[in-house]
Structure formats: C-alpha cells, structure tokens
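Take a moment with the fold on screen.

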Amino acid sequence: MGLHTILKKMKQKEHEVRLLMLGLDNAGKTTVVKQFCGEDISTISPTYGFNIKTVEHEVDNHEYRLNIWDVGGQSSLRSYWRNYFECTDGLIWVVDSADVDRLRDCRQELRKLLEEERLAGATLLVFANKQDLPEALSAEQIRDVLELNELKTHHWYILPCSAVTGQNLIAGIDWLIRDIAARIFILE
C-alpha cells in the first residue's frame, strides 16, 4: 500500500479537503477567504506569504474540514507557489474581473500552474471576482481570455462572484467540494 493510498484513506475517514487559493496580487483572495469564513473584511492588507484557514463546511449532508491555503500573489512570491502544491485537492484561482490590463498575465500564470505535476489531479474553480464593480468583465469573457474551454487536463468551473458582497462564494465552494468528493471520498 503506497503513501498516496494511505493518505487518501485518512482523508476519507475525516472528509478533509486541502484547497489552494491563488491568483495575481489584488485579485481578492484574502477577502474571499475572510468573507467565506464570516470574518470582518473591512481591513484587508496584502498577503506576504500565506494564511491558512480551517473551517467546517457542510455539502449535501456531509461535513467537510476545509484547509484553505491563501497564498500571496505578488510577482516576487509566485516562484514560491510550488511549495504549497503537495496534497492539493482543489485549486481556487481568483481573477480581478475589472483589471483588464493584467488578464494576459493572469492567463500565463494559470497555465504554468496547470502544467505542474503535483496539481494534476486538482479540481479547478475560477472565481471571476469583483463583479460588483461596473467595469468588471463577465465570467464568460474571463473564461475566453483564460482559454478555459481548451483545458482538458482538469475539471474546471468558472463562477462570477464578489468577495465584498459574498455573491456566489458558497455556491463555488460547494461545486468544488462536490467535484473533489466524487473523486476522493466514498460517500455513505
């Protein structure tokens, strides 16, 4: 019995899920996490390094322990992202839908991530964040810019959201957990 099999069985027992939240700086990753966890979002500062939040979340009458790793997105930190890939079940990619000038960089960084062997089995949720801003592109426009329809290596879903209002955050996490659970857990 290999280490991967042992870890998978341990996860099945506890319904524990490791989520890695990445995106360019100022995309709203920390605000997404804090809003999802019901914390105050009035004072958010840039993440230099990482934050870990562990939260219990119920989906389809099953309780899951979510370990959410929120990692800073500044260009100087991106080379360190690979230090957080191990045992990742789901990747949450947060996009600033109103920052049109950096969408090309966003696509390039996402492509690099999806080529990483240690993220090969991870489910991808793309949050098209900041939909509360008038200049925000739609989720469909973001999908096209990121060329998600060409992606054949990962299960993926894109959802418009607003970390400030909380719009679609729970719906996105629920979809992510369902997809992960279908791959990892044997549901009773």
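What follows is a short walk through the ring pairs, then the cysteines.

This is a predicted model, where local features need pLDDT of at least 70, side-chain atom pairs count only at pLDDT 80 or more, and totals for chains, interfaces and linings use all residues. Residues are numbered from 1 along each chain as its sequence is written, and side-chain values use heavy atoms, with hydrogens and water left out.

Start with the rings. A pair of aromatic rings is described by the distance of the centres and the angle of the planes. Rings of Phe, Tyr and Trp (its six-membered ring) pair if their centres lie within 6.5 Å; planes under 30 degrees apart are stacked, over 60 edge-to-face, the rest tilted. The whole structure holds 5 aromatic pairs. In one of them, F50 and W69 have ring centres 5.5 Å apart and planes at 25°, so they are stacked. F50 lies in strand β2 and W69 in strand β3; strands are DSSP runs of E, at least two residues, numbered from the N terminus.

W69 also pairs with Y84. Their centres are 5.9 Å apart and their planes at 55°, so this pair is tilted. Y84 sits in the loop between β3 and β4.

How exposed is each? Buried means under 20% relative accessible area, exposed over 50%, partly exposed in between (1.4 Å probe, protein chains only). W69 is buried at 18%. Y84 is buried at 14%. F50 is partly exposed at 38%.

Now the cysteines. A disulfide is a pair of cysteine sulfur atoms within 2.5 Å. The count is 0. For C37, the nearest cysteine sulfur, that of C161, is 14 Å away.

How values were computed: Helices (H or I, at least four residues) and strands (E, at least two) are DSSP runs, numbered from the N terminus.
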